[in-house]
Amino acid sequence: MQRKDVKPLSTIRSGEKVRLAGIEAGRSLNSRLIAMGLVPNVEITVVSNNHPGPFVIMVKSSKVMLGRGMAQKIMVSARDHEE
Amino acid sequence: MSSAKLKSGIYLKEKIFSFDIMKKITVALAGNPNSGKTTIFNLLTGARQHVGNYPGVTVEKKEGLCKYADYEMTVVDLPGTYSLTAFSIEELVARNFIVQEHPDVVVDIIDASSVERNLYLATQLMEMNVPLVLAFNMSDVAEQKGLRFDIAQLCRLLEAKIVPMVGSKGRGRKELLDAIVETAAQVRKPRTHQVRYGEEIEHELAAIEAAVARNEPQLAGRYGARWLAVKLLERDDDLTLRVHSRDVHDAVTAGIAHLKGLFGDEPEVVMADRRYGFISGACQETIRTTVESRHSYSDMIDAVVTNPMLGVPIFLILMYLVFFLTFKIGTYPMGWLEWLFGWTTGAITSLWPAGSESWLKSLLVDGVIGGVGGVIVFLPNILLLFFAIALLEDTGYMARAAFIMDRVMHKIGLHGKSFIPMLIGFGCSVPAIMATRILENRRNRLTTIMVIPLMSCGARLTIYALVIPAFFSETWQGPMMWLIYLIGIVLAIICIKILRLTVLRGEAVPFVMELPPYRMPTLKSIAIHMWQRGWMYLRKAGTIILGISILLWIAGSYPKPSAESLRDLSPQQAQQKRLEYSVIGRFGRAIEPAIRPLGFDWKIGTALIGATAAKEVFVSQLAIVYAVGSEDEGSTTLRQRLRAAYTPLTGFCIMLFCLIYAPCVVTVAMTRQETNSWGWAAFQFLGLTALAYVVTLFVYQIGSRIAG
């Protein structure tokens, strides 16, 4: 798969859908996020990205809140269009 | 054998026989947080539950009994987890339980409306090769979302019985119990289906498995070579430490290096991905979505309660309601209980002639009733608080509350949820410490417990109410009160910072949290929650509190001065004399040199020592040492005496010291129970006393220089 332009999840606006490219965090956090469904290529819907409110995403049909700092460590790419 | 013996033998045998055929099995409940695990646990066990801690850790362990058919099941509620790694204490506890206790059946509670994510834990349980039953809970919600399951096919793929349930409505209990019984009776055999990690990873796993079987046969027997190999390749901290063989470590290191080069990613990430791959493979064939729908009503509620403008005000209003319910509504049942104890005291006193000095009367009235009363009087607060907490948790609001406060609390190094126990601390430290159970992280929980006594509780308010009007003019009374509360908060923040940098150091817990859909709580689960907390308080903390109260009573009553020395004194003077003569009085005098630099004399010292029983006792003890009749904090005579004896600076220092120093014995007992260690209780007690001393010394010395 070709690398599309990868950017932090924190830059994605509410309502947009993206794919997970990678997580730039320590092992402990990484494993926690993976267990909650944040595996490579999974589809993420940003439910709410309002300053200063919580950062909420939808992943594998569950709603997950993230700290804003964490949303900066999660790298995402645009969704493939053929879907 | 005589015939009589034989007969009774037959009779006994029948009894034993009927008792014998109850087969005893252990059933462990695993599952994600918010999967409705507790509801199912309550459904299986009813109120026959026992709450404790797993040995050596602060993770709560719930156990209950369930009799079904000819089985007696011990049901153990494992901590809610998403996975079984070694990164969190809850996950370690859950998997150690499975490895060490060999439960006969593990039931994985799955939120049927979010199957894929929930099955991730199931794949790991499958890897551990446990006898597994999957409870598809909330299947009504899944149905509303348009999900249709081919249960029979899914059972075949996952090699486990699957039971659709609606725990909150009690649906599926019998079916689940049948599935448990059938699974327990089955012979264990290796699985044919399990996660395959792909050729490269499987190759490394095989190499590690062989090395483990060769060099660590004991560990392999205990954990299973396959599971051990998987965990080692994931660089599991706990299991890596248990393996001593060089060969195994070499195989693991080589495997990780090889796979990293191959995939450009950690093997653990690739392996997690493959597990999800296995799950989606299984789901693709067996789950159909008929309608496209979303969490609609949940989203609507969230749009309001997590709104950037409305979120904080709504949270504060709800917190006010929790506080109001706990302490304002709580005063009514507290009043009834106080009346009951007053009546009992009267009834017992009347057994002796008026003016009797019987030690037994004093022990019963002041020691036992005082002690028991001191324990039970908190019960309404605790029940009401846990009613409110259960309501917030079961509806799903608690997760939102945590997020709303997280931005503020994170800055001082705590979790958003810590706000709730700290707020409760302004009412009383005892329920506040119990409320820290809502915090999952141990370090957060300990830090919060340690600083809770710095929130000025209701008992300390009685001290401020006595002291402030005694020394300060009306215009200064409000600001003084405000100042003393503020000092407590500021000191708490400083202490949190210090604790997080020293004894409770560790990386700040990253904030990731699932937002469960809002749900209607059931009365049953709230009632069970309240009952558990109340009972736990009475049984665990209650006994310690009672013991310490009786000890303090002895210290305040003995030794007694001779009857002649009291003969010509008024009742107040006699009481004063007795207190002075007792261990507490003597101790108060003994510490005078130490507290003189704080501006305190032995009278204050005595009252301070007595007040470790309960902070409001400070007022009554001071009344006794000043030999003023009324113990009421509104007493003008006591205020006049204080004003005559001390400067306003000393008055302020009294409040400051009372705010910070040693928490009352009930709090100490509670800290001991909730941290599961006397060490933390002692640390809190001594640490706060030292802090009180330093702060008060500083204020008094600087203050008296400026004034002088």
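A: Two residues are in contact if their C-beta atoms, placed from the backbone, lie within 7 Å. This is a predicted model, in which local features need pLDDT of at least 70 and side-chain atom pairs count only at pLDDT 80 or more, while totals for chains, interfaces and linings use all residues. Residues are numbered from 1 along each chain as its sequence is written, and chains are lettered from A and ligands numbered from 1 in the order in which they are written.

The part to look at is where the two chains meet. Here 27 residues of chain B are in contact with 25 residues of chain A. On the chain B side, α4 (115–127), α13 (267–286), α19 (397–411) and β10 (512–515) each supply at least two residues; helices (H or I, at least four residues) and strands (E, at least two) are DSSP runs numbered from the N terminus. The largest share of this side, five residues, comes from α13(B). By type, the side of chain B that touches chain A divides into 13 nonpolar, eight polar and six charged residues. Ala, Val, Leu, Ile, Met, Phe, Trp, Tyr, Cys and Pro count as nonpolar, Asp, Glu, Lys and Arg as charged, and the others, Gly among them, as polar.

The two chains also pair through strands. Strand β5 (residues 62–66) of chain A runs antiparallel to β10(B), joined by four bridges; two strands pair if DSSP finds at least two bridges between them. Within this pairing, Val512(B) in β10(B) has Leu66(A) opposite. Chain A itself has two helices and six strands, in the order β-β-α-β-β-β-α-β from the N terminus on.

Next, the domains of chain B. Chain B is divided into domain 1 (22–185), domain 2 (199–289), domain 3 (311–457 + 481–507 + 525–531) and domain 4 (569–707), with bounds from an automatic or database domain assignment. The C-alpha centres of domain 1 and domain 2 of chain B lie 25 Å apart. Between these two domains of chain B, 21 residues of domain 1 are in contact with 20 residues of domain 2. Among the elements that each supply at least two residues to the domain 1 side are α3 (89–101) and α6 (151–158) of chain B. Helix α4(B) gives the most to that side, with six residues. The domain 1 side divides into 12 nonpolar, five polar and four charged residues.

Strands β5 (residues 105–111) and β6 of chain B pair in the parallel sense over six bridges, and Ile109(B) has Ala135(B) as its bridge partner in β6(B). On to strand β8 (residues 161–164) of chain B, β6(B) is joined by four bridges, again parallel; there the bridge partner of Ala135(B) is Val163(B).

Six of the six residues of strand β6 (residues 132–137) of chain B are buried. A residue is buried if 20 or more other C-beta atoms lie within 10 Å of its own, exposed if 12 or fewer, and partly exposed in between, with C-beta atoms placed from the backbone. Leu132(B), Leu134(B) and Phe136(B) cover one side of β6(B), and Val133(B), Ala135(B) and Asn137(B) the other.

Three of these residues return in the largest nonpolar core. Such a core is a set of buried Ala, Val, Leu, Ile, Met, Phe, Trp, Tyr and Cys residues joined through C-beta atoms within 7 Å. Of its 215 residues, those that touch the most other members are Leu29(B), Val133(B), Leu134(B), Ala135(B), Ile208(B) and Met655(B). Helix α18 (residues 379–395) of chain B gives the largest share, 10 residues. In soluble globular proteins, nonpolar side chains tend to be buried together. The contacts of Leu29(B) include Val75(B), Val76(B), Leu78(B), Val107(B) and Ile109(B).

Terms used: Lists of a residue's contacts leave out its neighbours within four places in sequence.
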